[in-house]
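Okay, thanks for coming, everyone. Let me put the model up, and then I'll talk you through it.

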Amino acid sequence: MATSVTSMDKPVAAKSGPASDARPPRAPRPPRPNFRQIHQFPLPVNVHHVPPVIPHNPLSLISVALSYLTFLISPPRQEVYSAYFDKATSSIHVTDERSIKALWQMGFFGKGSLSRSEPSWLAREKKRRGLQDGKTSEEITRLRRTERRELKLERARMEKLAIEERLKAEAAARESGVSESLDQDAQSTTDDMTNATAAATEKFSLKKAREARALEARQARELAAQNAAAGEQNQTETSNGKSVRFSPFVQKKEFLSTSPSSPKLPDPVVDSLDPDDFPNEEHLQLSNEEAFFLAYSLGALQIYDAPLNSGEVQATSPTTTSALLQQFCNHSFQPARDSSASLQPDDPFMISYTVYHHFRSLGWVIRSGVKFGTDYLLYNRGPVFSHAEFAVIVIPSYSHPYWSETEERKNYTAEKQARSWWWMHCVSRVQAQVLKSLVVCYVEVPPPAASLDDIGALFGQYKVREFLIKRWIPNRTRD
């Protein structure tokens, strides 16, 4: 890839002429964090690695025995984090900074309450107050989008120049009145020039766009300086020997405190906070599916009913998994369902958590897809490594004979499964625009269970069927 980019830049640099020698040096980019080291653990659990067994090497058996002995003597300590359930937002809040950092770095769980995704409000606030150097993730994203926008504008300008050159060549060929053969030669020459311009446009890189912008800005500054010098000289000549110089800087206006008409300026606010003691007003917000996966499947999270800074939390015990399941199912409705209501197998939380647990078990990093009109987004490794590759829509399916025994159940399931064709077309078009593959997950809903004590057996009755849907475009998919 690097070789092809180098070869692309050569013809463009050759066309630039002497202006290429006067280009300013490119500012070095700030070093990127080592995301491979930061996010080396896919889940917030401690795993004891066992060395491989090699049959023809007896020493491998000894190493395995020593590994098991080490595990029995000093087992790995499982870190358990704490959070509380907020009924107003129907979500889980994590306020401990160490827990926030661990849950985000090991699995990308939750989002910052004052950030787009990664909890970075503290770094942005320190940067705004001058307590910290460097660039935050939001600033890096903003710069990358600005560079991409400039590249698109520069490509559009190059395409416009190519079209203008072709129109001028065609007009010159028509006015010359030469023979048809000469017209054909001119047309071929014009086509070659257009193809060459188009190839140069395609090979245009972001580096050349920056350099062109910097060159234009420098020429504009030089021209403005020349005009200012010429205007100052003319003003000096017409002032009858009196030269007047104006300072390019505006002097600071001072007010006397003794003057009655002078306004009283407020005292400047000086931030005397130490960077290490700066308060963090942001918390990590987990969805109900993420919290239940951490609490039930991994055992890495304890959820309380009140904020952690209250005095009653330490005296109370965390909520059990069965109570959490009932609470999350009740709050999956809007407004929240009464706590005395019985749990149904097709509750929204039961359906959504089945899909979440399914993809998390397969190694995918699953995040909310509400900004693209879907239920979930699937990342191969995480949002800091690449964009989401798949967008998931969850639809309940009632193929069990229990749901078709009576006419009332048939009408109920038909209403739950109803989807219009234009809704699917809109969702598919949006995913095609953002370069994501649409995955429709049908969750087979079992009949109501008699007991909810065994949560593993309860979720074991659900089945997930996946279908990949691709938008059909006539002029692109003719075969």
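Quick housekeeping before that. This is a predicted model, so local features need pLDDT of at least 70 and side-chain atom pairs count only at pLDDT 80 or more, while totals for chains, interfaces and linings use all residues. Residues are numbered from 1 along each chain as its sequence is written, and side-chain values use heavy atoms, with hydrogens and water left out.

So, the annotated residues. Where does UniProt put the "active site" feature? The unreviewed entry has it at Y379, H387 and K436; bear in mind that such annotations may be inferred rather than shown by experiment, and that the positions are given in the numbering used here, with feature names shortened. Those three span 58 residues in sequence, but no two of their C-alpha atoms are more than 10.8 Å apart, so they gather at one spot. Y379 is in strand β7, residues 376-379. Y379 counts as buried because its relative accessibility is 10%; buried is under 20% relative accessible area, exposed is over 50%, and partly exposed is in between, with a 1.4 Å probe and protein chains only.

Now the surface. There's a positive patch made of R32, R116, R144, R145, R148, R149, K152 and K371. Patch residues have over 30% relative accessible area and no salt bridge, with like charges joined within 9 Å and nonpolar side chains (Val, Leu, Ile, Met, Phe, Trp, Tyr) within 5 Å. Lys and Arg count as positive, Asp and Glu as negative, and His and chain ends are not counted; the charge is placed at NZ of Lys, CZ of Arg, CG of Asp or CD of Glu.

Areas come from the Shrake-Rupley method with a 1.4 Å probe, and for residues only the protein chains shown count as cover. L69 belongs to helix α3, residues 58-73.

On to salt bridges, meaning a Lys or Arg side-chain nitrogen within 4 Å of an Asp or Glu carboxyl oxygen. How many are there? The structure holds nine. One of them pairs R465 with E444, closest N and O atoms 2.7 Å apart. R465 is in strand β10 (463-469) and E444 in strand β9, so the pair ties together parts 21 residues apart in sequence. E444 is buried at 13%, whereas R465 is partly exposed at 34%.

Last, the backbone. The Q334 to P335 peptide bond is cis, with omega near 0 degrees, and P335 lies in the loop between α10 (321-330) and α11 (348-361). L435 isn't a glycine, yet has a positive phi of about 60 degrees. L435 is in the loop between α13 (421-433) and β9 (437-444), and is exposed at 75%.

Definitions and conventions:
Helices (H or I, at least four residues) and strands (E, at least two) are DSSP runs, numbered from the N terminus.
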